[in-house]
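Hi everyone, thanks for letting me take a few minutes today.

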Amino acid sequence: MLAVPADRRETFHRYIQEGDHVIVYERHDRMKAVIVCAGATMQNRFGVFLHSDWIGKPFGCKVTGKTGGYVYLLAPTPELWTLVLSHRTQIIYIADISFVIGFLDIRPGCIVLESGTGSGSVTTSLARAVAPTGHVFTFDFHNQRATSARQDFERNGLIDLVTAVVRDIQDQGFPVELAGKADAVFLDLPQPWLAIPSVAEMLHHNGVLCSFSPCIEQVQHTCETLACYDFKDIRTFEVLLRTYGIHEEFFRELEMEDEADIPIICPPHKRLCPHTAPEHESEQCCKQSTGGIRDSKIRENESGGDNMSVTKNRSRQIMARPVSEARGHTGYLTFACTTKD
């Protein structure tokens with residue numbers, strides 16, 4: 001693989017150069033990855049943008065097109081890269097990725113093995129977690145996918161942190177020269193139980209394995225195999241992501257001259273029959289019924305009644321509500337650790 005100069009590695013402080021991957025940000029749900037080429041142009045609804053104008057500018061800058069529209073040029077962080085990369089396979093999203101990195105206790109200097117490079121979504125996050133002194137060895141049986149992923153790692157400045165290899169881990173296992181050196185192993189395979197014997201040889205004492213599987217039947221078979229190879233602390237998790245949207249809403253306030261006419265607001269309660277409820281609860285129900293009558297009078301007065309002077313004001317509040325289109329189930333994460341001497 002080609003070496004990349006230190007000044008071209010992923011960083012928030014360096015300037016955009018020709019051949020870099022840049023995330024063109026239009027809005028939170030509209031982004032795209034662009035390879036910077038001198039003389040090339042990009043056209044969208046905000047105008048026409050010249051790549052030559054981008055070269056030499058810092059990541060995160062705002063650039064204006066010929067028609068006055070603008071976009072932001074962002075660095076390809078793992079979080080953004082997961083949203084814009086080319087889907088050569090079904091990818092794992094950041095909710096699962098962050099859980100994996102945290103539970104595997106991946107930190108700078110770790111050696112991580114990954115089987116199932118795919119589109120490189122997980123690999124990119126693993127590389128950032130082990131930087132600057134660790135390394136990720138990622139394997140995929142498909143030659144074209146491995147080659148495309150290697151090119152992406154090079155453009156994103158991760159080539160010193162990632163080694164992409166063509167190898168069928170289910171059939172051949174991990175390379176023997178990595179035996180006992182891995183701090184963590186991540187599997188994204190259709191039959192992960194076939195790789196468990198090799199994983200047991202790769203992990204050092206207290207090393208941790210994570211296997212991602214979309215079907216619970218895969219999880220059951222994997223857990224049975226892990227137990228046969230004396231893995232301990234076997235646990236499976238499912239991570240669900242719920243997104244909230246933030247927006248402003250306007251509410252109408254009522255200002256009344258007579259405080260005695262303010263309706264009594266009571267918490268929700270079950271209805272009680274007068275002949276079966278205790279005396280104090282019956283009184284409470286009566287008060288609440290009276291409050292309901294007062295509330296209806298207020299509505300009548302708002303529509304033109306003369307019994308009460310009501311002033312209508314509008315107040316602005318920031319509201320957070322769940323987004324209707326929430327991402328559902330993606331897969332199960334099974335973790336286990338070694339206990340060998």
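First, some ground rules. This is a predicted model, where local features need pLDDT of at least 70 and side-chain atom pairs count only at pLDDT 80 or more, while totals for chains, interfaces and linings use all residues. Residues are numbered from 1 along each chain as its sequence is written, and side-chain values use heavy atoms, with hydrogens and water left out.

Let's start with strand S8, residues 135-140. The names come from DSSP runs: helices are H or I with at least four residues, strands are E with at least two, and both are numbered from the N terminus. Buried means under 20% relative accessible area, exposed means over 50%, and partly exposed is in between, using a 1.4 Å probe and protein chains only. His135, Phe137 and Phe139 point one way from S8, Val136, Thr138 and Asp140 point the other way, and all are buried.

Now, which strands pair with S8? Strand S7, residues 111-115, pairs with S8 in the parallel sense over 5 bridges, with Ile111 standing opposite His135. Strand S9, residues 162-166, also runs parallel to S8 and is joined to it by 5 bridges; there, Val162 is the bridge partner of Val136. Strands count as paired if DSSP finds at least two bridges between them.

Next, follow the chain through the helices. S7, helix H3 (residues 121-130) and S8 make a right-handed β-α-β unit. S8, helix H4 (residues 143-155) and S9 make a right-handed β-α-β unit too. Right-handed here means that, with the strands pointing away from the viewer, the path from the first strand over the helix to the second runs clockwise.

Let's stay with H4. Which of its residues are buried? They are Arg145, Ala146, Ser148, Ala149, Asp152 and Phe153. These residues cover an arc of only 165° around the axis, so they sit on the same side of H4; the arc is that of the directions from the helix axis to the C-beta atoms. Here is the background: an α-helix has 3.6 residues a turn, so residues three or four places apart point the same way. The buried residues of H4 pack against strand S1 (21-27), helix H1 (78-84), H3, S8 and S9, where contact means heavy atoms within 4.5 Å. Just after H4, Gly157 takes a positive phi of about 75°.

Finally, salt bridges. How many does a search of the whole structure find? It finds 10, each one a side-chain nitrogen of Lys or Arg within 4 Å of a carboxyl oxygen of Asp or Glu. Glu26, Arg30 and Arg45 are linked in a network of them. Arg30 and Glu26 meet at 3.8 Å, N to O, and Glu26 and Arg45 meet at 3.7 Å, N to O. Glu26 lies in S1 and Arg45 in the loop between strand S3 (41-44) and strand S4 (47-50), so this pair ties together parts that are 19 residues apart in sequence. Glu26 is buried, at 17% relative accessible area, Arg30 is partly exposed at 39%, and Arg45 is exposed at 52%.

That's my tour, and I'm happy to take questions!
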